[in-house]
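Here is a quick briefing to read alongside the structure. Keep the viewer open and click through the residues as they come up.

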Amino acid sequence: MSATNILTRYPESSAESGEEETMSRSVEQSSGTIARPRGFFGQLGRDLGYCLASFFVGIPAFAAAVALFSAGLSTVIIYLGIFILIACVFTASFFASAERRLSGWARGPLPPHVYRSRNRGGIRGFLTPLGDSLRWREVIHAVVAFPVRVAVFCLALTWLVTGPGLLTAFFWKGYLPEESHDVWDFVGVAKPYQGWLDAAIGVLFVLTLPVMLKGLALLLRVLAKGLLCNQSAVWKARAAQLEASRDSAVAAEAGNLRRIERDIHDGPQQRLVRVSMDLKSAQRRMERGEAGATELVAEALQQTQDTLNELRAISRGIAPPILLDRGLLAAVEASAARTPIPVSVQAEGLEGRRLPEKTENTAYFMVAEALTNVAKHANARRATVELTLAEDTLRVSVTDDGQGGAHVGKGHGLAGLAERVEALGAVLSVESGSGGTSLSSVLPLS
């Protein structure tokens, strides 16, 4: 099955190359979960796990970054180094992803980040990762963070074992050989006071363990936040997204106005002119007592009915009263009932719910336009409409078993529908082949 997908990309200016690059619309989050309040011991355990686990992530990250970068830089003259450097940045990205997840697990999600997307083919597209500053910062993080990770690991382990070790010194020191010397012997502390000093220092280490682990975890997090996040690029992408959404909204509304104006001028307006002429002709015949006035009136009535039908067809680009009064589900069911082929409507979570006006309008127009195309062009036997309401999104899907061939192109109906969906900040996905066509989109509620 062939597939056509509409993807939105955002431009980003590159200060180094002076050329316009594009960035993927999806902004990656550092953690897929939302940080929840944790208890004292829960947070303590996470900080400890972060300090220890980051060390074991840092060892292969440092080794791979140094080895691949050195090998790539030394062989770049024979072009082999280009492939090695690309492997270097992707390897660093892999370990950076692990660090982001660790940091998000321990102290909450990091700010979002975004990579530069490959918007060109050929060699320039292949070399895009080498021009991405975030990927090189990930390589730098793998190298710079290694000594910090080693120090954090050693300090965390020291604080973890020193407190309990000194508090239990009275027990395990009894098993040491008699000729062994304690550290206190070298500083001249008498034997009776050594046990008390061990206990006091042990208590100090135990009491400061949470503060130390928190500080060490925050040190790792600050380093990760500084090198593994590019929030300014995310803001640029978001600004570009909003600008694209605004342009799509303007284009969609302008296109709808042009379509309605053209359809009214070419259809109902011409029919109403003819109705007026027929009624005037019938009036003159009736005044002169001539035959044929009844036929003219009947023809005018038929033209009036045809005009009403055309106006109903044109009004599919305007929110119907049932949508405003009874909501999205009722409007979709009414649109499905008017379709000349059987349409199954499956809704989840919409019973008795009203959604934001923009979301309801976009979802309705998407379904209405899709069903109109199915009835006119798909040669389908049945269609299915699925509406699934999640916590903050509405998934809309329209599928049919027709002949396929639907695509998004300038001047086609789906192009205007795509603009309307993009105006809401969503993406229209179209998959069309010999087995049928599927249109889907995930619309935000806010």
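Start with Thr 362: setting aside residues within four places in sequence, this threonine is in contact with Arg 420, Val 421, Leu 424 and Leu 443. Bear in mind that what you're looking at is a predicted model.

**Helix α13 and what comes after**

- Thr 362 sits in helix α13, and it counts as buried because its relative accessible area is 6%, with the cut-off for buried at under 20%.
- The rest of α13 is mostly covered too, with 16 of its 22 residues buried.
- How far apart should the ends of α13 be? At 1.5 Å a residue, the 22 residues of this helix (357-378) should span 32 Å, and the end C-alpha atoms are 30 Å apart, so the two agree.
- Asn 379 belongs to the loop between α13 and β5 (383-389).
- Is Asn 379 buried or exposed? Its relative accessible area is 66%, and anything over 50% is called exposed, so Asn 379 is exposed.

**Helix α1 and its bend**

- Helix α1 takes in 36 residues, 40-75, which should span 52 Å at 1.5 Å a residue; its end C-alpha atoms are 52 Å apart, so expectation and model agree.
- Where does α1 bend? Look at Gly 58, where the bend is about 25°, and note that a proline, Pro 60, follows within four residues.
- Gly 58 turns up again in the contacts of Phe 146: leaving out residues up to four places away in sequence, Phe 146 touches Gly 58, Ile 59, Phe 62 and His 141.
- Phe 146 itself is part of helix α4 (residues 133-167).
- Phe 146 and Phe 56 are 90 residues apart in sequence, yet their C-alpha atoms are 9.9 Å apart in space.

**The loop between α1 and α2**

- Tyr 79 is in the loop between α1 and α2, and has a positive phi of about 70° despite not being a glycine.
- With a relative accessible area of 60%, Tyr 79 is exposed, since the cut-off is over 50%.
- Ile 78 lies in the loop between α1 and α2 as well, and its 56% relative accessibility is why Ile 78 counts as exposed.

**A nonpolar patch on the surface**

- Which residues make up the nonpolar patch on the surface? They are Val 76, Ile 77, Ile 78, Leu 80, Phe 83, Ile 123, Phe 126 and Leu 127, and together they have about 790 Å² of accessible area.
- Two elements, α2 (80-107) and α3 (122-126), each give two or more residues to this nonpolar patch.

**The chain overall**

- Secondary structure for the chain comes to 14 helices and eight strands.
- Of the chain's 446 residues, 39% count as buried.
- The accessible surface is about 24,800 Å², and 62% of that belongs to carbon and sulfur atoms.
- Among contacts in the chain with a separation of 6 or more, 74% come from residues 24 or more positions apart.

Terms used. Residues are numbered from 1 along each chain as its sequence is written. This is a predicted model: local features need pLDDT of at least 70, side-chain atom pairs count only at pLDDT 80 or more; totals for chains, interfaces and linings use all residues. Side-chain values use heavy atoms; hydrogens and water are left out. The expected span of a helix is 1.5 Å times one less than its number of residues. Buried means under 20% relative accessible area, exposed over 50%, partly exposed in between (1.4 Å probe, protein chains only). The bend at a residue is the angle between axes fitted to the seven residues ending there and the seven starting there. Patches are made of residues with over 30% relative accessible area and no salt bridge: like charges are joined within 9 Å, nonpolar side chains (Val, Leu, Ile, Met, Phe, Trp, Tyr) within 5 Å. Accessible areas come from the Shrake-Rupley method with a 1.4 Å probe; for residues, only the protein chains shown count as cover. A salt bridge is a side-chain nitrogen of Lys or Arg within 4 Å of a carboxyl oxygen of Asp or Glu. Contact means heavy atoms within 4.5 Å.
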